[in-house]
Amino acid sequence: MFHPQAAVESGAQEKSSADPLSAFLAWCGRAGVELNPKVRLSREGAVAGYGMLAAEELEAGEVLFTIPRTALLSQHTTSIHALLQEAQESLQSQSGWVPLLLALLHEYTASSSHWRPYFSLWQDFRSLDHPMFWPQEERTRLLQGTGIPEAVDKDLANIQLEYNSIILPFMETHPDIFDPKLHTLELYKELVAFVMAYSFQEPLEEEEEDEKGPNPPMMVPVADILNHVANHNANLEYSPHCLRMVTTQAVRKGQEIFNTYGQMANWQLLHMYGFAEPYPGNSHDTADIQMVTLRRAALQRAKSEAQQQLVSEQWDFLCQLEMVGEEGAFVLGWDEVLTEEELSMTLKVLCMSEEEFKEYKEQDGWEDDSDEEENSTLSNEALSRLKTPCKKLLYDSVLLTLESYGADLKAEQDLLNNKEAYEKLSRREQQALHVRYGQKRILHQLLELVQ
């Protein structure tokens, strides 16, 4: 049963948000959403924005809410779905998000939209505070070395390209529905951030994975109110007619209920969702070593022109094997290397003598690796057992990577340990600090393993 009164926290605590939240909950009732009376939606007590809290104790396996597919906002449920279907070939893009974004552009600005109470929960999408909205100087200063500025630059270029080459031509053919003066590039950018932070992608069935690309994103009201932590206590389940949020463990009364957005590193969380988890909360955090950094370290180690030529040939060979690329990265987790095949092969080839490499090349990179294959997982323990030349190359690559950040680990550590100084930081400075600190901890851990 749906209980709108139980769902909103009572009393004056909700003052400013009572109207949009009450209107949204009334809409949920009309849309057929079933909300468990043991939970409530509130700003009070949530880690960020709105959240879902347990009003009573919950057991593992309890359904928190059920939402019919008719209440989802997607390219298939929007009032302009027929137009989008008709133009689907011209709306294809690298992101695959254009049909949903056109649906959002229309529904967000249409006074008669079925989803108006849903949109009213967000007065301004810029409050999401993704790094794409930060001034470039601030983004570079706070996030240098993390990989986020480069990701944002790509996003902004793609957003502009999609808007100019796909969105504008579509709007021009439908002037009765769209107006470029209202449906601007700026609004489009804000809606991209909204989709980044709040949309869901239904996983493909196993038998579909090889046959089709990923499902397009969709907005799932209520589900998107739940915040994320790596150690979550609820999960979204999909069925043909509805979606259900189900607890994965017991939840105490008053505790916040968290969904998971997937195994996301802090840099991905800040880039896509506008926040990061404080250390040591994110067990899925990672650090990257750019693939070209290993080449740079190998070239620095090469003492003669002949040795430098050998490194260049080895790198070209690795490129042919599709083990490395100019824009790729080796990804390090807390317990193991996540790109273990690529890093193992790169270390092995770059540490070969000219004779070893010549022989290896003649076999096209194939040899009796059975012993190595069995131990190919690059766990922390395996990293500590690497051959000395591989350890040295990796060590030098980590040092080069650490140079790309603005400050060292100790400075970040001192800031986190000084509560007064930390609280004086802006929200952006705090989030950026969590990203940098987690990455540097992982890189320093690797230094200790291979020194």
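Pro-280 sits in the loop between α9 and β11. In this predicted model, a cis peptide bond joins Pro-280 to Tyr-279, with omega at about 5°. That is worth a second look, since most peptide bonds are trans, and most residues other than glycine have a negative phi. The phi rule has its own exception here: Asp-129 is not a glycine, yet its phi is positive, at about 55°. Asp-129 is found in the loop between α5 (residues 116-119) and α6.

Rolling a probe the size of a water molecule over the atoms shows where empty space is left. Counting those of 30 Å³ or more gives two cavities. The second largest cavity has a volume of about 40 Å³, and both Tyr-279 and Pro-280 are in its lining.

What about the largest cavity? Its volume comes to about 60 Å³. Around it are Leu-332, Gly-333, Glu-336, Val-337, Asn-380, Leu-383, Ile-442, Gln-445, Leu-446 and Leu-449. Two helices, α15 (380-384) and α19 (427-450), each give at least two residues to this lining. Helix α19 makes the largest contribution, with four residues. The lining of the largest cavity splits into six nonpolar, three polar and one charged residue.

Now for the open spaces. The second largest pocket has a volume of about 910 Å³. It is lined by 33 residues, and those closest to its centre are Gly-147, Glu-150, Ala-151, Lys-154 and Trp-267. Several elements supply two or more residues each to the lining of this pocket: α7, α8 (185-198), α9 (266-273), β11 (287-290), α10 (291-301) and α16 (388-403). Which of them gives the largest share? That is α7, with eight residues. By class, the lining of the second largest pocket comprises twelve nonpolar, 14 polar and seven charged residues.

Helix α7 has another partner to look at, namely α6. The axes of α6 (residues 136-143) and α7 (residues 148-173) come within 9 Å and cross at roughly 150°. An angle over 145° counts as roughly antiparallel, so that is how α6 and α7 are arranged relative to each other. On the α6 side, the contact is made by Gln-136, Arg-139 and Leu-143, which meet Ile-148, Pro-149, Val-152, Asp-153 and Leu-156 of α7. These contact residues divide into five nonpolar, one polar and two charged.

Side chains of opposite charge can pair when their charged atoms come close. In the model, 16 salt bridges are counted. One of them joins Asp-153 and Arg-139, whose closest N and O atoms are 3.9 Å apart.

Terms used
Residues are numbered from 1 along each chain as its sequence is written. This is a predicted model: local features need pLDDT of at least 70, side-chain atom pairs count only at pLDDT 80 or more; totals for chains, interfaces and linings use all residues. Side-chain values use heavy atoms; hydrogens and water are left out. On a 1 Å grid over the protein atoms alone, a cavity is a set of points where a 1.4 Å probe fits but cannot get out, and a pocket is an open set with protein on both sides within 12 Å along at least five of seven lines; lining residues have an atom within 4 Å of a point. Grid points are joined across faces, edges and corners, and a volume is the space filled by probe spheres set on the points. Ala, Val, Leu, Ile, Met, Phe, Trp, Tyr, Cys and Pro count as nonpolar, Asp, Glu, Lys and Arg as charged, and the others, Gly among them, as polar. Axes are lines fitted to C-alpha atoms, for helices over the stretch in contact, and angles run from 0 to 180 degrees between N-to-C directions. Angles under 35 degrees count as roughly parallel, over 145 as roughly antiparallel, 65 to 115 as roughly perpendicular and the rest as oblique. Contact means heavy atoms within 4.5 Å. A salt bridge is a side-chain nitrogen of Lys or Arg within 4 Å of a carboxyl oxygen of Asp or Glu.
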